[in-house]
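Subject: Structure handover

Hi,

Here is the structure for you to pick up. My notes follow below it.

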Amino acid sequence: MSARFGIEEEFVVLDRETLAPIGMDHGARERITGHLGGGEVMPEYLTCQLECATAPVQNRADAAEQLRRMRALLAAHAAGEGALAAPSATPFIAPGEFVVSPSTHYDEVADQLAAITRDHEVNGLHVHVEVPDDEERVRALNRVREWLPTLLALTGNGPYAHGRNSGFASWRSILIRRLPSSWCPPAFHDFDDYTERVDRLVALGAIGDAASIAWAARLSRRFPTVEVRVFDAQLTPDDSLFAAALSRALILSDAPDTVGPSDPDAIDASMWTAARRGTHARVIDPTTGEVAPLWEAAAAMIAHARPVLAEQGDEEFVTAHLERIRVDGTGAERQERAYERDGVDGLRDLYLSGMTGD
């Protein structure tokens, strides 16, 4: 039986001409937010952001239907406002000052982050995978943390900062690094250890509550899920589905073919190279514990996950999409090519295509 999963996608609303983020007033967001027959559109941290969340699904086809429907809805709504919703982890250009969405929780986050909020325009993809047992959820988290650099390298989609190429495949990842409890989580002994460590961060005042943990993978406090948060917002629904299928397979795979828990510093350094160089990075291969070119680590990851990918009906899709990334590049590389070819017009067309499938 397929394990249930859910996908959360964040989008930034941009001016159609300049591609600068634009805030939406309360009325404009109210018209688009709410439950939509299987999915939900919600306000995000900043008034220029929206989030789409699928309902829990059993298979990739159901997830694809919800993602495409919600993306088309956002695209149509943004067009009606003279704007566009962009599937990019960071905007092409940023004003240097953003407006926080009105909410008690977001007010507390903004107070905590202080000046960081001024340029914290980041959009991610979060994948929840259902694991009912508390202790197994922690073991699954420990397993997936080893693969975070490889997952990031294959899904970077935020190359721009302040109207120029940042030099990073995932500038979003670098911005998030400034947050407390970010990037790689530690390896946990058990569920009590996880809970105690999170509670300690709250007691320190580093985070306001468990929902503010910025680790690239964590346990949800609302749902019995492992949540993989390492991914940039993705250009297309298929990019998002690739990340989700891999997340589910890695979380469910208990094959003992990794060398054991890696030092968080080594994983973080590996994540930095993944954020910087994407598929050209060298990362830690969890099956050997050694430094390897990204494509060698990716091959090891697919081999590790293959039995679960096959069981869940995702093997053919994942292997085909991985080959597409090898040929066409990550979202970051596709954005760079579009801008080099046609400037802002090229980026605009790419974003619109990712939302509508045209």
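In which strand does Thr 225 lie? Thr 225 lies in strand β12, residues 225–232. Helices (H or I, at least four residues) and strands (E, at least two) are DSSP runs, numbered from the N terminus.

Ground rules before the rest. This is a predicted model, with residues numbered from 1 along each chain as its sequence is written. Local features need pLDDT of at least 70, side-chain atom pairs count only at pLDDT 80 or more, totals for chains, interfaces and linings use all residues, and side-chain values use heavy atoms, with hydrogens and water left out.

Thr 225

Thr 225 is buried, at a relative accessible area of 8%. Buried means under 20% relative accessible area, exposed over 50%, and partly exposed in between (1.4 Å probe, protein chains only). The side chains of Thr 225 and His 128 make a polar contact of 2.8 Å. A polar contact is a pair of N or O atoms within 3.5 Å; within protein, one must be able to donate a hydrogen and the other to accept it, and residues adjacent in sequence count only if both atoms are side-chain atoms. Neighbours within four places in sequence aside, the contacts of Thr 225 include His 128, Glu 130, Arg 137 and Arg 218. Contact means heavy atoms within 4.5 Å.

Helices α8 and α10

The axes of α8 (residues 237–252) and α10 (residues 294–311) come within 8 Å and cross at roughly 85 degrees. Axes are lines fitted to C-alpha atoms, for helices over the stretch in contact, and angles run from 0 to 180 degrees between N-to-C directions. The two helices, α8 and α10, are therefore roughly perpendicular; that word covers 65 to 115 degrees. On the α8 side, Ala 245, Leu 246, Ala 249, Leu 250 and Leu 252 take part. They meet Met 301, Ile 302, His 304, Ala 305, Val 308 and Leu 309 in α10. The residues of this contact divide into 10 nonpolar, one polar and no charged. Here Ala, Val, Leu, Ile, Met, Phe, Trp, Tyr, Cys and Pro count as nonpolar, Asp, Glu, Lys and Arg as charged, and the others, Gly among them, as polar.

Helix α9

Asp 263 caps the N-terminal end of α9: a side-chain oxygen sits 2.9 Å from the backbone nitrogen of Asp 265. Buried residues in α9 include Ile 267, Asp 268, Met 271 and Ala 275. Among the elements that cover the buried residues of α9 are α4 (134–145), α5 (148–155) and β12. Gly 278 follows α9 and has a positive phi, near 60 degrees.

Phe 191 is in helix α7 (residues 191–204). Phe 191 is partly exposed, at 22%. Phe 191 and Asp 134 are 57 residues apart in sequence, yet 6.2 Å apart in space, C-alpha to C-alpha.

Glu 136 is in helix α4. Glu 136 is partly exposed too, at 24% relative accessibility. A polar contact of 2.9 Å joins its side chain to that of Arg 143.

Positive phi

Most residues other than glycine have a negative phi. His 162 has a positive phi of about 60 degrees. His 162 is in the loop between β7 (160–161) and β8 (164–165), and is partly exposed at 40%. Ser 181 has a positive phi of about 55 degrees. Ser 181 is in the loop between α6 and β9, and counts as buried at 16%.

Best regards

Key:
Angles under 35 degrees count as roughly parallel, over 145 as roughly antiparallel, 65 to 115 as roughly perpendicular and the rest as oblique.
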